[in-house]
2 protein chains.
Amino acid sequence: MIHNFNAGPSILPKPVFEEASRAIQDFNGTGLSILEIGHRTPLFEAVLDEAVSLVKELMFLNENKEVLFLHGGASTQFFQVPMNFLSPDKKAAYLDGGVWGSKAVKEAKLFGPVDVVASSKDRNYSYIPSGFTIPTDVAYFHYTTNNTIEGTQMHAIPETSVPLIADMSSDILSREMDFNRFCFIYAGAQKNIGAAGVNLVVADKSFLETANSKLPSMLDYRQHVANGSMLNTPPVFAIYVCLLTLRWLKSIGGVKAIEEINLRKSALLYNTLSSLPIFNLPVAEADRSHMNAVFTMGDPELEKMFLARCKSEDMVGIKGHRSVGGFRVSMYNALPLESVESITALMKDFANKHA
Amino acid sequence: MIHNFNAGPSILPKPVFEEASRAIQDFNGTGLSILEIGHRTPLFEAVLDEAVSLVKELMFLNENKEVLFLHGGASTQFFQVPMNFLSPDKKAAYLDGGVWGSKAVKEAKLFGPVDVVASSKDRNYSYIPSGFTIPTDVAYFHYTTNNTIEGTQMHAIPETSVPLIADMSSDILSREMDFNRFCFIYAGAQKNIGAAGVNLVVADKSFLETANSKLPSMLDYRQHVANGSMLNTPPVFAIYVCLLTLRWLKSIGGVKAIEEINLRKSALLYNTLSSLPIFNLPVAEADRSHMNAVFTMGDPELEKMFLARCKSEDMVGIKGHRSVGGFRVSMYNALPLESVESITALMKDFANKHA
C-alpha cells in the first residue's frame with residue numbers, strides 16, 4: 001500500500017478512483033464515457049445538480065447561498081474576487097498569513113486599495129497573526145483558513161461585522177464551521193473536494209449584488225449564477241469527481257464524522273513529532289494545521305536519510321515546500337488513519353536508530 | 001455500438017478512454033491514480049512535456065512558438081486575448097462569422113476599439129463573409145476557423161500582413177494548415193484534443209512581447225510561459241487526456257492522415273444529404289464545415305420521427321443547437337467513418353419510407 005501525503009493534487013477516496021475509472025469507460029450504464037457526454041444533457045445536469053445539493057447539505061448552507069463550480073484554481077479566485085468586489089473607491093482588508101494569502105493581496109492591489117491588517121511574514125508565516133483590527137469601512141475582509149505551505153490553520157472565524165471572504169482550498173469540508181458566516185468562500189478542488197481544474201465557490205446572494213458590472217462574462221459571478229455554472233462548457237470530469245467525493249463524505253457521516261478522524265490523525269502525528277527530539281516543529285502550537293503538518297530535522301544528512309526511508313516504505317509526497325524546506329505531511333479527508341499510523345511508526349523507529 | 005455525434009464534449013478515441021480509465025486506478029504502474037499525483041513531480045512533468053512536444057510536432061510549429069495548456073475553455077480566451085493585446089489606444093479587427101465569434105467581439109469591446117470587418121449575422125451566420133478588408137492599423141485580426149453551431153468553416157487563411165488570431169476550438173488538428181501563419185491560436189480541448197476544462201494556446205514569442213503589463217498573474221500569458229503552464233496547479237487530468245489523444249493522432253499518421261478520413265466522412269454525409277430532398281442544407285456549399293454538418297427537414301413532425309429513429313439506433317448528439325434548430329452531426333477526428341456510414345444508411349432508409 002502506498003501512503004500518499006501529497007499536498008495537492010492529493011489522495012482521494014479509493015471508491016472515488018474506482019467509480020471515476022468505470023465512468024470513463026461507461027458512465028451510469030449509458031455505454032458512453034463521462035468524457036464524451038454533452039454538458040447540456042440531463043446526464044450531466046444530474047451530476048451538477050447533485051454536487052450542488054451535496055455542498056449545500058454537507059456545509060449546512062442557508063437559503064441565501066449560491067454554489068458554483070468554476071474553471072481554474074484558487075489562483076484564479078485571487079484576482080476574480082477583487083475584480084468583482086473592489087474598485088478604486090472600494091477598499092478591502094486582507095490578512096497576510098501565508099504565501100497564498102500574500103499572492104491574493106498582490107492580485108487585489110490591481111483593482112483597489114488594500115489594507116493588510118496583519119502579517120506573519122516576519123517569521124516565514126510560521127504563525128497566525130492575532131490581535132489585529134479589521135477596519136469597518138471595507139468591502140470585505142479576506143483570509144486563508146489553512147496555509148498549505150506553512151502548515152498553519154486559523155481555528156476560529158474572526159469576529160467582525162465586515163463581510164468575510166475566505167480561501168478554504170486546503171481545509172474545506174474537513175471540520176465543522178459556520179459556513180454561513182462567510183459572504184464568499186472559494187476552494188480549489190484538488191485537496192478535499194476532488195481533482196485539479198475546478199473551483200468550488202459559495203457566495204451570498206446579497207453580497208453578489210454588490211459586485212461590479214461591465215466585467216468579462218466568464219469573470220462575472222452573477223452571470224455564472226444566472227447560467228447555473230454553465231456559462232460555457234464546464235470542466236465536466238472534474239465536477240464529476242467532486243460529486244463522487246462529496247457522496248463519499250456524506251456516506252461516512254459528513255463533516256462532523258470526518259473532523260473526528262482528522263483530529264485523531266493530526267493528534268497522533270503531532271504527538272509523535274513532539275515526543276521525538278530528532279524532529280522540530282516550526283509552527284506555533286496553537287496555530288498548527290490539522291491538514292498539513294510541517295517539520296524539519298536540523299541535520300540535512302538525517303533529512304536525506306529520513307526521506308529515503310519514507311520512500312523505501314512507499315510513503316510519498318512528504319518533501320516540504322521549497323520555501324519552507326524540511327517535510328510536510330498532508331492529511332486531507334481521504335488519507336486513512338492507517339497512513340498516519342504507518343508514518344508515525346516509521347518516525348519512532350527512525351528516531352530510535354538515529355537518536 | 002453507440003454513435004456519438006455530440007458537438008462537444010464529444011467522442012474521443014477508444015484507446016484514450018481505455019488508458020485514461022486505467023490511469024485513474026494506476027498511473028504508469030506507480031500504484032497511484034493520475035488524480036492524486038503532484039503536478040510538480042517528474043511524473044506529471046513528463047506528461048506536460050510530451051503533450052507540448054506532440055503539439056509542436058503535429059502542428060509543424062516553428063521555433064518561435066510557445067505552447068500552453070491553460071484552465072478554462074475558449075470563452076476564457078475571448079476576454080483574455082483582448083485583455084492582453086488591446087487597450088483604448090490599440091484597435092483590433094474581428095470577423096463576426098458565428099455565435100462564438102460574436103461573443104469574442106463582445107468581450108473585446110470591454111478592452112479597446114473593435115472593428116468588425118464583416119458579419120454574416122444577416123442570414124443567421126449560415127455563410128462565411130467574404131470580400132472584406134482587414135485594416136492594417138490594428139493589433140490583430142481575430143476569426144473563428146470553424147463555427148460549431150452554424151456548421152460553417154473558413155477553408156482558407158485570410159491574406160493579410162496583420163497578426164492573425166484564431167479560435168480553432170472545433171477544427172484544430174483536423175486538417176492541414178500553416179499554423180505558423182498565426183501569431184496566436186487557442187482551442188478549447190473538448191472536441192479534437194481532449195476533455196473539457198483545458199485550453200490549448202499556441203502563441204508567437206514576439207507577439208507575446210506586445211502584451212499589456214500589470215495584468216492579474218493568471219491572465220498574463222507571459223507569466224504562464226515563464227512557468228511552463230504551471231503558474232498554479234494545472235488541470236492535471238484534462239492535460240493527460242490531451243496527451244493520450246495527441247499520441248493517438250500521431251499513431252494514426254498525424255493531421256494529414258486524419259484530414260483524409262475527415263474529408264471522406266464529410267463527403268459521404270453531405271452527398272447523402274444533398275441527394276435526399278427530404279433534408280435541407282442551410283449552409284452555403286463552399287462554406288460547409290467538415291466537422292459539424294447542420295441540416296433541417298422543414299416538417300416538425302418528420303424531424304421528431306427522424307430524431308426518434310436515430311435514438312432507437314443508438315445515434316446520439318444530433319439535435320441542432322437551439323439557435324439554429326434542426327440537426328447537427330459532428331464528425332470530429334475520433335468519430336469513426338463507420339458512424340457516418342450508419343447514419344447515412346439510416347437517412348436513406350428514412351427518406352425512402354417518408355418521401
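**Notebook: sheets, core and chain contact**

I looked up B:Phe184 and found that its bridge partner in β10(B) is B:Ala203. I note that this is a predicted model, in which local features need pLDDT of at least 70, side-chain atom pairs count only at pLDDT 80 or more, and totals for chains, interfaces and linings use all residues. Residues are numbered from 1 along each chain as its sequence is written, while chains are lettered from A and ligands numbered from 1 in the order in which they are written.

**Entry on the sheet of chain B**

I traced an open sheet of 7 strands with mixed pairing, in the order β2-β10-β9-β8-β5-β3-β4. Strands are DSSP runs of E with at least two residues, helices are runs of H or I with at least four, and both are numbered from the N terminus. Two strands pair if DSSP finds at least two bridges between them. β2 (65–71) and β4 (114–119) of chain B each have a single partner strand, so one side of each lacks a neighbour in the sheet. I then followed β9 (184–188) and β10 (198–204) of chain B, which pair in the antiparallel sense over 5 bridges.

I also examined helix α4 (99–108) of chain B, which lies across β3, β4, β5 and β8 of chain B and runs at about 155° to β3(B). Such angles run from 0 to 180 degrees between N-to-C directions, with axes fitted to C-alpha atoms, for helices over the stretch in contact. Two residues are in contact if their C-beta atoms, placed from the backbone, lie within 7 Å.

**Entry on chain A**

Helix α2 (42–58) of chain A lies across β2 and β10 of chain A, at about 130° to β2(A).

**Entry on the core**

I recorded 222 residues in the largest nonpolar core, and A:Tyr240 and B:Tyr240 are among those with the most contacts inside it. Such a core is a set of buried Ala, Val, Leu, Ile, Met, Phe, Trp, Tyr and Cys residues joined through C-beta atoms within 7 Å. A residue is buried if 20 or more other C-beta atoms lie within 10 Å of its own. Leaving aside neighbours within four places in sequence, A:Tyr240 is in contact with A:Ala20, A:Ala23, A:Ile34 and A:Val47.

**Entry on the contact between chains**

I noted that the contact takes 49 residues from chain A and 49 residues from chain B. On the side of chain A that touches chain B, α1(A) gives the largest share, 5 residues.

Conventions: Buried ≥ 20, exposed ≤ 12 C-beta atoms within 10 Å, placed from the backbone.
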